[in-house]
Amino acid sequence: MLVCVLVLVACSCGKKKDTKSSATVDASRPGPDQAERQRSVAAIAPAYGAEPLAGPDGVDAYGLPLKYVNRAAVRAMLFAKMFAELTAFFNKVQDDFEADQARESWVIDVGDAFDSAEPELNPSLHAWVAASPDSFAPYYARGVYEKAVGFAKRGGRWAKDTKPEDFAAMNESLKLSEADLDKALTLRPKLVAAMRKKLSSGRSTPTLLARALKECPGCFRMRVAHMLNLAPRWGGTYEAMAAFAKASIQESPAPAMKLLAGFVDYDRATLLGAKPDEALVPIDRACALGEYWLFLQERADIQRTRKDFARARADIDRAAALRPMDPGILTSRAYVSTYEKKYEPAAIDARDVLRMEPTNGGVRGMVNNLIDGLAYEAWQHQTAGRTKDALRVYELGLELAPGDARLRPRYNALLVGDAGSAEGIAALEDEVRRSPDDFALLQRLDYALATQRNFDRVIELWTAYIARHPDDGRAYLERGGAYTQLRKMKEAYADAKDACAHGSSQGCDRAKRIAPMAQ
(Lines give C-alpha, C1' and ligand atoms only; values in the text may rest on other atoms or scores of the structure.)
Protein backbone atom coordinates (compact mmCIF):
# COMPACT_ATOMS: atom_id res chain seq x y z
CA MET A 1 0.00 0.00 0.00
CA LEU A 2 1.28 3.46 -0.82
CA VAL A 3 1.90 5.73 2.13
CA CYS A 4 0.57 9.21 2.66
CA VAL A 5 2.69 12.11 1.49
CA LEU A 6 3.98 14.37 4.23
CA VAL A 7 6.48 17.17 4.34
CA LEU A 8 10.05 16.07 4.88
CA VAL A 9 10.58 18.69 7.56
CA ALA A 10 8.03 16.84 9.70
CA CYS A 11 10.60 14.08 10.06
CA SER A 12 12.89 16.41 12.07
CA CYS A 13 15.74 15.85 9.65
CA GLY A 14 16.59 19.52 9.19
CA LYS A 15 15.92 19.76 5.47
CA LYS A 16 13.73 22.84 5.21
CA LYS A 17 12.99 24.25 1.78
CA ASP A 18 10.00 25.33 -0.26
CA THR A 19 9.46 21.90 -1.72
CA LYS A 20 8.03 18.65 -0.51
CA SER A 21 9.30 15.15 -0.04
CA SER A 22 7.33 12.29 -1.45
CA ALA A 23 6.98 9.67 1.23
CA THR A 24 6.79 9.29 4.97
CA VAL A 25 8.82 6.90 7.10
CA ASP A 26 7.31 4.18 9.26
CA ALA A 27 9.37 4.43 12.44
CA SER A 28 8.35 0.92 13.49
CA ARG A 29 10.28 -0.61 10.58
CA PRO A 30 14.01 -0.62 9.86
CA GLY A 31 14.82 2.01 7.27
CA PRO A 32 17.20 1.64 4.36
CA ASP A 33 20.86 2.11 5.25
CA GLN A 34 23.02 4.97 4.02
CA ALA A 35 24.16 3.14 0.89
CA GLU A 36 20.60 2.26 -0.07
CA ARG A 37 19.42 5.84 0.41
CA GLN A 38 22.18 6.99 -1.95
CA ARG A 39 21.56 4.30 -4.56
CA SER A 40 19.91 5.41 -7.78
CA VAL A 41 16.44 3.94 -8.15
CA ALA A 42 17.03 3.32 -11.88
CA ALA A 43 19.59 4.31 -14.50
CA ILE A 44 17.51 6.74 -16.54
CA ALA A 45 19.15 8.17 -19.65
CA PRO A 46 20.27 11.81 -19.34
CA ALA A 47 18.38 14.44 -21.33
CA TYR A 48 21.19 15.02 -23.80
CA GLY A 49 20.53 17.81 -26.27
CA ALA A 50 17.63 19.37 -24.35
CA GLU A 51 17.63 23.13 -23.79
CA PRO A 52 18.59 24.08 -20.22
CA LEU A 53 16.15 27.00 -20.22
CA ALA A 54 12.70 25.93 -21.39
CA GLY A 55 9.17 27.29 -21.55
CA PRO A 56 7.50 30.29 -23.17
CA ASP A 57 8.36 33.95 -22.88
CA GLY A 58 6.30 36.17 -20.62
CA VAL A 59 5.43 36.31 -16.92
CA ASP A 60 2.74 34.89 -14.65
CA ALA A 61 0.25 36.70 -12.43
CA TYR A 62 3.02 37.53 -9.94
CA GLY A 63 5.39 38.91 -12.56
CA LEU A 64 7.58 35.80 -12.43
CA PRO A 65 9.01 34.38 -15.68
CA LEU A 66 7.26 31.51 -17.40
CA LYS A 67 10.58 30.15 -18.59
CA TYR A 68 12.11 27.64 -16.22
CA VAL A 69 15.38 25.79 -15.78
CA ASN A 70 15.29 22.26 -17.19
CA ARG A 71 17.21 20.48 -14.45
CA ALA A 72 17.49 17.27 -16.45
CA ALA A 73 19.21 19.14 -19.29
CA VAL A 74 21.62 20.81 -16.85
CA ARG A 75 22.58 17.43 -15.38
CA ALA A 76 23.09 16.03 -18.88
CA MET A 77 25.62 18.79 -19.60
CA LEU A 78 27.64 17.63 -16.60
CA PHE A 79 27.53 13.97 -17.67
CA ALA A 80 28.67 15.02 -21.16
CA LYS A 81 31.60 16.89 -19.56
CA MET A 82 30.42 20.15 -21.13
CA PHE A 83 32.11 22.08 -18.34
CA ALA A 84 32.65 25.33 -20.24
CA GLU A 85 29.04 25.39 -21.46
CA LEU A 86 27.76 24.52 -17.99
CA THR A 87 29.78 27.29 -16.38
CA ALA A 88 28.54 29.75 -19.00
CA PHE A 89 24.91 28.77 -18.31
CA PHE A 90 25.32 29.24 -14.56
CA ASN A 91 26.85 32.66 -15.24
CA LYS A 92 23.97 33.53 -17.54
CA VAL A 93 21.20 32.75 -15.07
CA GLN A 94 23.04 34.58 -12.27
CA ASP A 95 23.58 37.59 -14.55
CA ASP A 96 19.89 37.48 -15.48
CA PHE A 97 18.93 37.36 -11.81
CA GLU A 98 21.14 40.30 -10.91
CA ALA A 99 19.42 42.25 -13.69
CA ASP A 100 15.92 41.18 -12.59
CA GLN A 101 15.19 39.70 -9.15
CA ALA A 102 12.03 38.07 -10.48
CA ARG A 103 14.36 35.45 -12.00
CA GLU A 104 15.33 34.24 -8.53
CA SER A 105 14.10 30.69 -9.17
CA TRP A 106 16.40 30.22 -12.15
CA VAL A 107 19.52 30.36 -9.98
CA ILE A 108 17.93 28.20 -7.27
CA ASP A 109 16.84 25.56 -9.76
CA VAL A 110 20.10 25.42 -11.70
CA GLY A 111 21.80 24.55 -8.42
CA ASP A 112 19.06 22.12 -7.44
CA ALA A 113 19.78 20.18 -10.64
CA PHE A 114 22.38 18.54 -8.38
CA ASP A 115 20.15 18.13 -5.31
CA SER A 116 20.51 14.36 -5.40
CA ALA A 117 22.71 11.99 -3.43
CA GLU A 118 23.96 9.33 -5.87
CA PRO A 119 27.75 8.72 -5.57
CA GLU A 120 28.14 8.81 -9.37
CA LEU A 121 27.73 12.60 -9.32
CA ASN A 122 30.75 13.14 -7.08
CA PRO A 123 33.63 12.54 -9.55
CA SER A 124 31.89 14.56 -12.27
CA LEU A 125 31.45 17.53 -9.95
CA HIS A 126 35.08 17.31 -8.83
CA ALA A 127 36.15 17.24 -12.47
CA TRP A 128 34.07 20.36 -13.12
CA VAL A 129 35.70 22.15 -10.19
CA ALA A 130 39.12 21.23 -11.59
CA ALA A 131 38.12 22.50 -15.03
CA SER A 132 36.64 25.80 -13.75
CA PRO A 133 38.38 26.57 -10.45
CA ASP A 134 37.83 30.33 -10.69
CA SER A 135 34.06 30.15 -11.26
CA PHE A 136 31.42 30.07 -8.55
CA ALA A 137 29.35 27.59 -10.58
CA PRO A 138 30.93 24.20 -9.77
CA TYR A 139 31.35 25.06 -6.08
CA TYR A 140 27.69 26.07 -5.85
CA ALA A 141 26.58 22.87 -7.61
CA ARG A 142 28.84 20.69 -5.48
CA GLY A 143 27.66 22.43 -2.31
CA VAL A 144 24.06 21.59 -3.21
CA TYR A 145 25.03 17.98 -3.95
CA GLU A 146 26.98 17.53 -0.71
CA LYS A 147 24.05 18.84 1.25
CA ALA A 148 21.78 16.28 -0.43
CA VAL A 149 24.32 13.58 0.42
CA GLY A 150 24.32 14.68 4.03
CA PHE A 151 20.56 14.43 4.39
CA ALA A 152 20.51 11.09 2.58
CA LYS A 153 23.08 9.74 5.02
CA ARG A 154 21.04 11.00 7.94
CA GLY A 155 17.78 9.61 6.59
CA GLY A 156 14.27 10.92 7.16
CA ARG A 157 13.45 9.31 10.48
CA TRP A 158 12.78 11.12 13.73
CA ALA A 159 15.90 12.07 15.67
CA LYS A 160 15.19 9.51 18.38
CA ASP A 161 15.12 6.75 15.72
CA THR A 162 18.28 7.87 13.90
CA LYS A 163 21.63 6.18 14.48
CA PRO A 164 24.48 8.32 15.87
CA GLU A 165 26.67 7.26 12.96
CA ASP A 166 24.05 8.59 10.54
CA PHE A 167 24.12 11.97 12.28
CA ALA A 168 27.93 11.95 12.16
CA ALA A 169 27.97 11.12 8.46
CA MET A 170 25.45 13.89 7.77
CA ASN A 171 27.54 16.45 9.61
CA GLU A 172 30.67 15.55 7.66
CA SER A 173 28.86 16.09 4.36
CA LEU A 174 27.26 19.32 5.58
CA LYS A 175 30.71 20.68 6.44
CA LEU A 176 31.82 20.03 2.87
CA SER A 177 28.66 21.68 1.59
CA GLU A 178 29.16 24.74 3.76
CA ALA A 179 32.73 25.15 2.55
CA ASP A 180 31.71 24.92 -1.09
CA LEU A 181 28.79 27.34 -0.71
CA ASP A 182 31.07 29.80 1.08
CA LYS A 183 33.63 29.47 -1.73
CA ALA A 184 30.91 30.13 -4.30
CA LEU A 185 29.85 33.25 -2.39
CA THR A 186 33.42 34.47 -2.25
CA LEU A 187 33.66 34.19 -6.02
CA ARG A 188 30.15 35.61 -6.63
CA PRO A 189 29.07 37.71 -3.63
CA LYS A 190 25.55 38.30 -5.01
CA LEU A 191 24.82 34.57 -5.27
CA VAL A 192 21.67 34.82 -3.15
CA ALA A 193 20.69 31.25 -4.07
CA ALA A 194 23.70 29.98 -2.13
CA MET A 195 22.64 32.06 0.87
CA ARG A 196 19.17 30.53 0.60
CA LYS A 197 20.69 27.05 0.48
CA LYS A 198 22.51 27.82 3.73
CA LEU A 199 19.30 29.24 5.23
CA SER A 200 17.40 26.09 4.32
CA SER A 201 19.67 24.14 6.64
CA GLY A 202 18.17 26.05 9.54
CA ARG A 203 21.02 28.57 9.56
CA SER A 204 18.80 31.68 9.64
CA THR A 205 21.40 33.81 11.36
CA PRO A 206 20.50 37.50 11.45
CA THR A 207 23.68 38.35 9.54
CA LEU A 208 23.08 35.90 6.71
CA LEU A 209 19.40 36.83 6.40
CA ALA A 210 20.18 40.55 6.40
CA ARG A 211 22.85 40.05 3.74
CA ALA A 212 20.46 38.07 1.55
CA LEU A 213 17.62 40.58 1.85
CA LYS A 214 19.95 43.50 1.24
CA GLU A 215 21.08 41.92 -2.02
CA CYS A 216 17.56 40.84 -2.97
CA PRO A 217 14.70 42.57 -1.16
CA GLY A 218 12.30 41.22 -3.79
CA CYS A 219 13.32 37.57 -3.43
CA PHE A 220 10.22 35.59 -2.49
CA ARG A 221 11.71 32.12 -2.18
CA MET A 222 14.52 33.41 0.02
CA ARG A 223 11.85 34.69 2.38
CA VAL A 224 10.01 31.35 2.17
CA ALA A 225 13.16 29.59 3.38
CA HIS A 226 13.26 31.89 6.41
CA MET A 227 9.52 31.47 7.01
CA LEU A 228 9.96 27.71 7.21
CA ASN A 229 12.78 28.17 9.71
CA LEU A 230 10.42 30.21 11.90
CA ALA A 231 7.90 27.35 12.20
CA PRO A 232 7.17 26.06 15.73
CA ARG A 233 8.69 22.68 14.94
CA TRP A 234 12.05 24.45 14.65
CA GLY A 235 11.67 26.49 17.81
CA GLY A 236 9.83 29.44 16.26
CA THR A 237 6.23 30.55 16.52
CA TYR A 238 3.32 31.23 14.23
CA GLU A 239 3.32 34.77 15.56
CA ALA A 240 6.91 35.22 14.36
CA MET A 241 5.98 33.79 10.95
CA ALA A 242 3.03 36.15 10.63
CA ALA A 243 5.13 39.13 11.67
CA PHE A 244 7.82 38.31 9.10
CA ALA A 245 5.19 37.91 6.38
CA LYS A 246 3.67 41.29 7.24
CA ALA A 247 7.07 42.98 7.29
CA SER A 248 7.97 41.44 3.92
CA ILE A 249 4.88 42.96 2.30
CA GLN A 250 5.89 46.35 3.67
CA GLU A 251 9.52 45.97 2.55
CA SER A 252 8.96 44.71 -0.98
CA PRO A 253 6.46 45.56 -3.71
CA ALA A 254 6.80 42.07 -5.25
CA PRO A 255 3.22 40.73 -5.76
CA ALA A 256 4.10 37.26 -4.51
CA MET A 257 4.86 38.55 -1.00
CA LYS A 258 1.18 38.33 -0.05
CA LEU A 259 1.50 34.54 -0.28
CA LEU A 260 3.93 34.43 2.64
CA ALA A 261 1.07 34.74 5.11
CA GLY A 262 -0.21 31.41 3.81
CA PHE A 263 2.79 29.51 5.17
CA VAL A 264 1.34 29.63 8.69
CA ASP A 265 -1.66 27.64 7.50
CA TYR A 266 0.51 25.55 5.19
CA ASP A 267 2.60 24.46 8.18
CA ARG A 268 -0.52 23.69 10.19
CA ALA A 269 -1.81 21.55 7.33
CA THR A 270 1.39 19.55 7.05
CA LEU A 271 1.23 18.69 10.75
CA LEU A 272 -2.28 17.29 10.30
CA GLY A 273 -1.34 14.74 7.66
CA ALA A 274 -2.95 11.91 9.61
CA LYS A 275 -6.17 13.93 9.86
CA PRO A 276 -6.84 14.99 6.28
CA ASP A 277 -10.33 16.41 6.90
CA GLU A 278 -8.90 18.74 9.53
CA ALA A 279 -5.85 19.55 7.37
CA LEU A 280 -8.08 20.69 4.54
CA VAL A 281 -9.29 23.71 6.54
CA PRO A 282 -5.93 25.50 6.91
CA ILE A 283 -4.69 24.58 3.43
CA ASP A 284 -7.87 25.97 1.91
CA ARG A 285 -7.14 29.24 3.70
CA ALA A 286 -3.60 29.26 2.29
CA CYS A 287 -4.84 28.56 -1.24
CA ALA A 288 -7.40 31.35 -0.92
CA LEU A 289 -4.54 33.89 -0.83
CA GLY A 290 -3.67 33.05 -4.43
CA GLU A 291 -2.38 30.26 -6.65
CA TYR A 292 0.94 28.95 -5.39
CA TRP A 293 2.28 25.59 -6.49
CA LEU A 294 3.39 24.44 -3.04
CA PHE A 295 -0.02 25.12 -1.48
CA LEU A 296 -1.76 23.36 -4.35
CA GLN A 297 0.58 20.38 -4.08
CA GLU A 298 -0.14 20.07 -0.37
CA ARG A 299 -3.88 20.26 -0.94
CA ALA A 300 -3.61 17.65 -3.70
CA ASP A 301 -1.83 15.32 -1.27
CA ILE A 302 -4.51 15.91 1.36
CA GLN A 303 -7.30 15.31 -1.13
CA ARG A 304 -5.63 12.13 -2.30
CA THR A 305 -5.45 10.91 1.30
CA ARG A 306 -9.16 11.70 1.57
CA LYS A 307 -9.63 9.63 -1.64
CA ASP A 308 -11.07 12.64 -3.43
CA PHE A 309 -9.02 11.91 -6.52
CA ALA A 310 -10.88 14.32 -8.80
CA ARG A 311 -9.95 17.33 -6.65
CA ALA A 312 -6.45 15.94 -6.07
CA ARG A 313 -5.99 15.66 -9.84
CA ALA A 314 -7.21 19.23 -10.46
CA ASP A 315 -4.83 20.67 -7.84
CA ILE A 316 -1.75 18.69 -8.81
CA ASP A 317 -2.21 19.36 -12.52
CA ARG A 318 -2.52 23.06 -11.80
CA ALA A 319 0.60 22.94 -9.61
CA ALA A 320 2.48 21.22 -12.44
CA ALA A 321 1.35 23.91 -14.87
CA LEU A 322 2.54 26.67 -12.52
CA ARG A 323 5.89 24.97 -11.89
CA PRO A 324 6.81 22.63 -14.75
CA MET A 325 9.11 19.66 -14.20
CA ASP A 326 9.41 20.06 -10.45
CA PRO A 327 10.44 16.68 -8.97
CA GLY A 328 8.23 17.01 -5.89
CA ILE A 329 5.15 17.90 -7.90
CA LEU A 330 5.75 15.13 -10.43
CA THR A 331 6.15 12.63 -7.61
CA SER A 332 2.90 13.73 -6.02
CA ARG A 333 1.17 13.50 -9.40
CA ALA A 334 2.57 10.00 -9.91
CA TYR A 335 0.96 8.98 -6.60
CA VAL A 336 -2.38 10.44 -7.71
CA SER A 337 -2.17 8.62 -11.05
CA THR A 338 -1.31 5.36 -9.29
CA TYR A 339 -4.34 5.64 -7.03
CA GLU A 340 -6.42 6.31 -10.15
CA LYS A 341 -4.88 3.15 -11.65
CA LYS A 342 -3.40 5.23 -14.46
CA TYR A 343 -0.03 3.51 -14.36
CA GLU A 344 1.46 4.68 -17.63
CA PRO A 345 1.25 8.43 -16.86
CA ALA A 346 2.39 7.68 -13.31
CA ALA A 347 5.47 5.88 -14.65
CA ILE A 348 6.23 8.71 -17.08
CA ASP A 349 6.23 11.19 -14.19
CA ALA A 350 8.36 8.83 -12.08
CA ARG A 351 10.86 8.44 -14.92
CA ASP A 352 11.08 12.23 -15.33
CA VAL A 353 11.70 12.60 -11.60
CA LEU A 354 14.54 10.06 -11.70
CA ARG A 355 16.12 11.92 -14.62
CA MET A 356 16.48 14.86 -12.19
CA GLU A 357 16.71 13.13 -8.79
CA PRO A 358 17.86 9.50 -9.21
CA THR A 359 17.69 8.87 -5.46
CA ASN A 360 14.18 10.31 -4.98
CA GLY A 361 12.65 8.53 -2.00
CA GLY A 362 9.07 8.87 -3.13
CA VAL A 363 9.71 7.12 -6.43
CA ARG A 364 11.80 4.49 -4.65
CA GLY A 365 8.77 3.73 -2.49
CA MET A 366 6.34 3.39 -5.38
CA VAL A 367 8.39 1.73 -8.12
CA ASN A 368 7.35 -1.85 -7.33
CA ASN A 369 3.68 -0.87 -7.36
CA LEU A 370 4.26 0.92 -10.66
CA ILE A 371 5.84 -2.13 -12.25
CA ASP A 372 2.93 -4.29 -11.09
CA GLY A 373 0.52 -1.79 -12.60
CA LEU A 374 2.43 -1.49 -15.88
CA ALA A 375 2.60 -5.25 -16.22
CA TYR A 376 -1.19 -5.38 -15.78
CA GLU A 377 -1.82 -2.54 -18.26
CA ALA A 378 0.50 -4.04 -20.85
CA TRP A 379 -1.16 -7.44 -20.50
CA GLN A 380 -4.57 -5.87 -21.00
CA HIS A 381 -3.34 -4.26 -24.21
CA GLN A 382 -1.73 -7.51 -25.30
CA THR A 383 -4.79 -9.70 -24.75
CA ALA A 384 -6.93 -7.14 -26.59
CA GLY A 385 -4.62 -7.31 -29.60
CA ARG A 386 -3.18 -3.81 -29.10
CA THR A 387 0.40 -4.94 -29.67
CA LYS A 388 1.97 -1.52 -30.16
CA ASP A 389 0.34 -0.21 -26.98
CA ALA A 390 1.52 -3.27 -25.05
CA LEU A 391 5.09 -2.89 -26.30
CA ARG A 392 5.11 0.81 -25.38
CA VAL A 393 3.99 0.10 -21.82
CA TYR A 394 6.43 -2.80 -21.42
CA GLU A 395 9.27 -0.59 -22.65
CA LEU A 396 8.35 2.15 -20.18
CA GLY A 397 8.42 -0.38 -17.36
CA LEU A 398 11.78 -1.70 -18.54
CA GLU A 399 13.21 1.81 -18.26
CA LEU A 400 12.40 1.73 -14.55
CA ALA A 401 13.28 -1.93 -14.01
CA PRO A 402 15.32 -3.29 -16.96
CA GLY A 403 15.50 -6.92 -15.89
CA ASP A 404 12.16 -7.25 -14.14
CA ALA A 405 10.68 -10.73 -14.36
CA ARG A 406 7.16 -9.33 -14.59
CA LEU A 407 8.01 -7.50 -17.81
CA ARG A 408 10.99 -8.87 -19.71
CA PRO A 409 9.74 -12.39 -20.61
CA ARG A 410 6.37 -11.10 -21.80
CA TYR A 411 8.02 -8.33 -23.79
CA ASN A 412 10.40 -10.73 -25.49
CA ALA A 413 7.65 -13.24 -26.24
CA LEU A 414 5.40 -10.51 -27.68
CA LEU A 415 8.16 -9.31 -29.98
CA VAL A 416 8.90 -12.78 -31.33
CA GLY A 417 5.29 -13.93 -31.57
CA ASP A 418 5.05 -16.82 -34.03
CA ALA A 419 8.08 -15.67 -36.01
CA GLY A 420 10.61 -17.92 -34.27
CA SER A 421 10.31 -20.73 -36.79
CA ALA A 422 12.47 -20.97 -39.90
CA GLU A 423 9.48 -20.01 -42.03
CA GLY A 424 8.69 -17.06 -39.78
CA ILE A 425 12.26 -15.81 -39.91
CA ALA A 426 12.34 -16.10 -43.68
CA ALA A 427 9.12 -14.08 -43.92
CA LEU A 428 10.53 -11.41 -41.65
CA GLU A 429 13.74 -11.24 -43.69
CA ASP A 430 11.63 -10.54 -46.78
CA GLU A 431 9.74 -7.79 -44.96
CA VAL A 432 12.98 -6.21 -43.74
CA ARG A 433 14.39 -6.17 -47.25
CA ARG A 434 11.32 -4.20 -48.32
CA SER A 435 11.34 -1.89 -45.25
CA PRO A 436 14.93 -1.76 -43.94
CA ASP A 437 14.27 1.34 -41.79
CA ASP A 438 11.26 -0.02 -39.90
CA PHE A 439 12.72 -0.29 -36.39
CA ALA A 440 9.90 -2.41 -34.98
CA LEU A 441 10.22 -4.84 -37.86
CA LEU A 442 13.99 -5.16 -37.39
CA GLN A 443 13.48 -5.66 -33.69
CA ARG A 444 11.04 -8.54 -34.33
CA LEU A 445 13.57 -10.16 -36.69
CA ASP A 446 16.32 -9.61 -34.11
CA TYR A 447 14.36 -11.45 -31.40
CA ALA A 448 13.36 -14.23 -33.78
CA LEU A 449 16.99 -14.73 -34.83
CA ALA A 450 17.99 -14.73 -31.16
CA THR A 451 15.81 -17.81 -30.62
CA GLN A 452 18.11 -19.52 -33.16
CA ARG A 453 21.19 -17.90 -31.54
CA ASN A 454 22.08 -16.29 -34.86
CA PHE A 455 23.66 -13.25 -33.22
CA ASP A 456 26.09 -12.54 -36.05
CA ARG A 457 23.13 -11.84 -38.33
CA VAL A 458 21.59 -9.63 -35.62
CA ILE A 459 24.77 -7.56 -35.44
CA GLU A 460 24.86 -7.28 -39.20
CA LEU A 461 21.27 -6.00 -39.29
CA TRP A 462 21.78 -3.34 -36.65
CA THR A 463 25.14 -2.21 -38.01
CA ALA A 464 23.49 -1.45 -41.33
CA TYR A 465 20.60 0.32 -39.60
CA ILE A 466 22.93 2.40 -37.40
CA ALA A 467 24.85 3.53 -40.49
CA ARG A 468 21.60 5.11 -41.69
CA HIS A 469 20.29 6.17 -38.24
CA PRO A 470 23.32 7.01 -36.05
CA ASP A 471 21.23 8.82 -33.42
CA ASP A 472 18.81 5.98 -32.63
CA GLY A 473 19.83 4.77 -29.16
CA ARG A 474 17.53 1.76 -29.36
CA ALA A 475 19.61 0.29 -32.20
CA TYR A 476 22.84 0.45 -30.17
CA LEU A 477 21.02 -1.25 -27.30
CA GLU A 478 19.86 -4.10 -29.53
CA ARG A 479 23.23 -4.60 -31.18
CA GLY A 480 24.94 -4.45 -27.80
CA GLY A 481 22.69 -7.24 -26.59
CA ALA A 482 23.90 -9.46 -29.43
CA TYR A 483 27.52 -8.63 -28.61
CA THR A 484 26.82 -9.57 -24.99
CA GLN A 485 25.47 -12.94 -26.06
CA LEU A 486 28.69 -13.52 -28.03
CA ARG A 487 30.73 -12.44 -24.97
CA LYS A 488 32.27 -9.55 -26.91
CA MET A 489 32.10 -7.34 -23.87
CA LYS A 490 34.15 -4.38 -25.09
CA GLU A 491 31.87 -4.01 -28.08
CA ALA A 492 28.80 -4.57 -25.89
CA TYR A 493 29.95 -1.89 -23.43
CA ALA A 494 30.65 0.60 -26.22
CA ASP A 495 27.17 0.05 -27.62
CA ALA A 496 25.58 0.38 -24.19
CA LYS A 497 27.31 3.72 -23.67
CA ASP A 498 26.19 4.89 -27.11
CA ALA A 499 22.64 3.75 -26.37
CA CYS A 500 22.68 5.72 -23.12
CA ALA A 501 24.11 8.78 -24.87
CA HIS A 502 21.26 8.62 -27.36
CA GLY A 503 18.48 8.43 -24.79
CA SER A 504 18.11 4.74 -23.91
CA SER A 505 17.74 4.25 -20.16
CA GLN A 506 18.19 0.50 -20.60
CA GLY A 507 21.51 1.32 -22.25
CA CYS A 508 22.55 3.34 -19.18
CA ASP A 509 21.65 0.44 -16.91
CA ARG A 510 23.51 -2.08 -19.05
CA ALA A 511 26.63 0.09 -19.31
CA LYS A 512 26.74 0.34 -15.54
CA ARG A 513 26.33 -3.41 -15.07
CA ILE A 514 28.80 -4.66 -17.66
CA ALA A 515 31.54 -2.04 -17.26
CA PRO A 516 33.71 -4.37 -15.09
CA MET A 517 33.47 -7.12 -17.72
CA ALA A 518 34.67 -4.81 -20.48
CA GLN A 519 38.04 -4.13 -18.88
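Modeller: Let us begin with a single residue. Arg479 lies in helix α24, which spans residues 473-485. Please bear in mind throughout that this is a predicted model.

Biologist: Is Arg479 buried or exposed?

Modeller: Residues under 20% relative accessible area are classed as buried. Arg479 has a relative accessibility of 13%, and therefore counts as buried.

Biologist: Which residues is Arg479 in contact with, leaving aside its neighbours within four places in sequence?

Modeller: With those neighbours set aside, the contacts of Arg479 are Ile459, Trp462, Thr463, Ile466 and Asp495.

Biologist: How does one describe the packing of two helices?

Modeller: Two packed helices are described by the angle between their axes and the distance between the axes. Take helix α3 (residues 83-99) and helix α6 (residues 136-154): they pack at an angle of about 90°, and their axes are 8 Å apart. Angles of 65 to 115 degrees count as roughly perpendicular, and α3 and α6 are therefore roughly perpendicular to each other.

Biologist: Which residues of α3 and α6 make the contact?

Modeller: From α3 come Thr87, Phe90, Asn91 and Gln94, and from α6 come Phe136, Ala137, Tyr140 and Ala141. Sorted by class, this contact of α3 with α6 has five nonpolar residues, three polar ones and no charged ones.

Biologist: Where charged residues are concerned, what should I look for?

Modeller: Side chains of opposite charge can pair when their charged atoms come close. In the whole structure, a search finds 51 salt bridges. One of them joins Asp166 to Arg37, with the closest N and O atoms 3.6 Å apart. This pair links distant parts of the chain, since Asp166 is in helix α7 (residues 164-187) and Arg37 in helix α1 (residues 34-38), 129 residues apart. Asp166 is buried, with a relative accessible area of 9%, and Arg37 also counts as buried, at 15%.

Biologist: What is the distance between the closest N and O atoms of Asp182 and Lys198?

Modeller: In the salt bridge of Asp182 with Lys198, those atoms are 2.8 Å apart. Asp182 is partly exposed, its relative accessible area being 34%, whereas Lys198 is buried at 8%.

Biologist: How many residues of α8 are buried?

Modeller: Eight of the eight residues of α8 are buried, so this helix is largely enclosed by the rest of the structure. Among them are Val192, Met195, Arg196 and Leu199. The buried residues of α8 pack against α3, α4 (104-112), α6, α7, α9 (206-215) and α10 (220-229).

Biologist: Finally, which backbone features in the loops deserve attention?

Modeller: One may look at the phi angle. Lys307 has a positive phi of about 70° although this residue is not a glycine. Lys307 is found in the loop between α14 (293-305) and α15 (309-322), and counts as exposed at 58% relative accessibility. Arg487, likewise not a glycine, has a positive phi of about 60°. Arg487 has its place in the loop between α24 and α25 (489-501), and at 57% relative accessibility counts as exposed.

Biologist: Is the loop residue Asn360 buried or exposed?

Modeller: Asn360, in the loop between α17 (343-356) and α18 (361-383), counts as buried at 7% relative accessibility.

Definitions and conventions:
Residues are numbered from 1 along each chain as its sequence is written. This is a predicted model: local features need pLDDT of at least 70, side-chain atom pairs count only at pLDDT 80 or more; totals for chains, interfaces and linings use all residues. Side-chain values use heavy atoms; hydrogens and water are left out. Axes are lines fitted to C-alpha atoms, for helices over the stretch in contact, and angles run from 0 to 180 degrees between N-to-C directions. Helices (H or I, at least four residues) and strands (E, at least two) are DSSP runs, numbered from the N terminus. Angles under 35 degrees count as roughly parallel, over 145 as roughly antiparallel, 65 to 115 as roughly perpendicular and the rest as oblique. Contact means heavy atoms within 4.5 Å. Ala, Val, Leu, Ile, Met, Phe, Trp, Tyr, Cys and Pro count as nonpolar, Asp, Glu, Lys and Arg as charged, and the others, Gly among them, as polar. A salt bridge is a side-chain nitrogen of Lys or Arg within 4 Å of a carboxyl oxygen of Asp or Glu. Buried means under 20% relative accessible area, exposed over 50%, partly exposed in between (1.4 Å probe, protein chains only).
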